[in-house]
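Subject: Structure for your review

Dear colleague,

Please find the structure below, handed over for your use.

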Amino acid sequence: MEQLLAIICSLYPVSDSLIATLVIMLRRDKFPRKHWLLQPGQVSDRLYFIEQGVVRGYYLKTRSSQPDGREVTSWFMREDDFVFSIISFYTRQPAREYIELLEDSIVWSISYAQLQQLYHDFPEFTIIGRLLTEKYYVLSEIRGQNLRMQSASERYEQLLIDFPAIFQRVPLKYIASHLGISPETLSRLRGQATHSRRN
């Protein structure tokens, strides 16, 4: 909890009463690897903070409006990140994506209703919420632009900058899916990068 409270306090000055309320509201869960925080058809009702672990968001690619079984990884998050299904959480509609833990993880969370109560009772928390929303919206836009505008090798290099330890923590097939390339192409890019560093 200390990590989460420190991040909140770094964003904007908060009152002791807000901290006390958060301490009461926050729920700590320890989940195993491969646990789903969310599955399609469920409404995303909790905002999670990752104290320990790696999380991915993914969906099943569709063909003729039917899932064809191919997974497309949208994003990875890790320690000190917040995760939830943005569309489902804010619209209160069923999600179309999965949120899956890739490691044994510790997460803290509050419900949608609790979040709204915090916004109502503590005006400073609305500023914190806006700052966090802006941060993750920008990250989402950057991911979308990179997918549209960068080459596979550029996306690979950017991923290593953003998440240097990703190959030690995330299976290769998920990384390839996130980059929009095959595992074979990813292995080739890794080999080329290793060769370049040696020379």
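How many positive and how many negative side chains does the protein chain have, and how far apart do the centres of the two sets lie? There are 24 positive and 22 negative side chains, and their centres are 8 Å apart. In this count Lys and Arg are positive and Asp and Glu negative, while His and the chain ends are left out. Each charge is placed at NZ of Lys, CZ of Arg, CG of Asp or CD of Glu.

Please note that this is a predicted model, in which local features need pLDDT of at least 70 and side-chain atom pairs count only at pLDDT 80 or more, whereas totals for chains, interfaces and linings use all residues. Residues are numbered from 1 along each chain as its sequence is written, and side-chain values use heavy atoms, with hydrogens and water left out.

Overall form

The protein chain contains 9 helices and 8 strands (DSSP runs numbered from the N terminus, with H or I over at least four residues for helices and E over at least two for strands). Its radius of gyration is 18 Å, close to the 16 Å that the globule rule gives for 199 residues, so the chain is as compact as a globular protein of that length. That radius is taken over C-alpha atoms, and the rule is 2.2 Å times the number of residues to the power 0.38. Along the principal axes, the C-alpha atoms fill a box of roughly 55 × 45 × 30 Å.

Of the 199 residues, 40% are buried (buried means under 20% relative accessible area, exposed over 50%, and partly exposed in between, with a 1.4 Å probe and protein chains only). Among contacts between residues at least 6 apart in sequence, 72% join residues at least 24 apart; a contact means heavy atoms within 4.5 Å.

In helix H1 (residues 2–11), Leu4, Leu5 and Ile8 are buried. Viewed down the axis of H1, these buried residues fall within an arc of 95 degrees, so they line one face of the helix. The arc is that of the directions from the helix axis to the C-beta atoms. They pack against helix H2 (16–25), strand E3 (46–52), E6, strand E8 (105–111) and helix H5 (123–149). The face of H1 turned away from the buried side carries the exposed residues Glu2 and Ser10.

Helix H6 (residues 152–162) has Arg155, Tyr156, Leu159 and Leu160 buried. These cover an arc of only 140 degrees around the axis, which puts them on the same side of H6. In general, an α-helix has 3.6 residues a turn, so residues three or four places apart point the same way.

Ile24 belongs to helix H2 and is exposed, with a relative accessible area of 73%.

Loop residues

The loop between strand E5 (66–77) and strand E6 (82–83) holds Glu79, which is partly exposed at 27% relative accessible area. Leaving aside residues up to four places away in sequence, Glu79 touches Ile50, Glu51, Gln52, Gly53 and Arg169. The C-alpha atoms of Glu79 and Gly53 are separated by 6.1 Å, although the two residues are 26 apart along the chain.

Asp80 is found in the loop between E5 and E6 and has a positive phi of about 75 degrees, although it is not a glycine. Lys34, in the loop between strand E1 (27–31) and strand E2 (36–38), has a positive phi near 80 degrees. Most residues other than glycine have a negative phi. Asp80 is partly exposed at 33% relative accessibility, and Lys34 is partly exposed at 38%.

Yours sincerely
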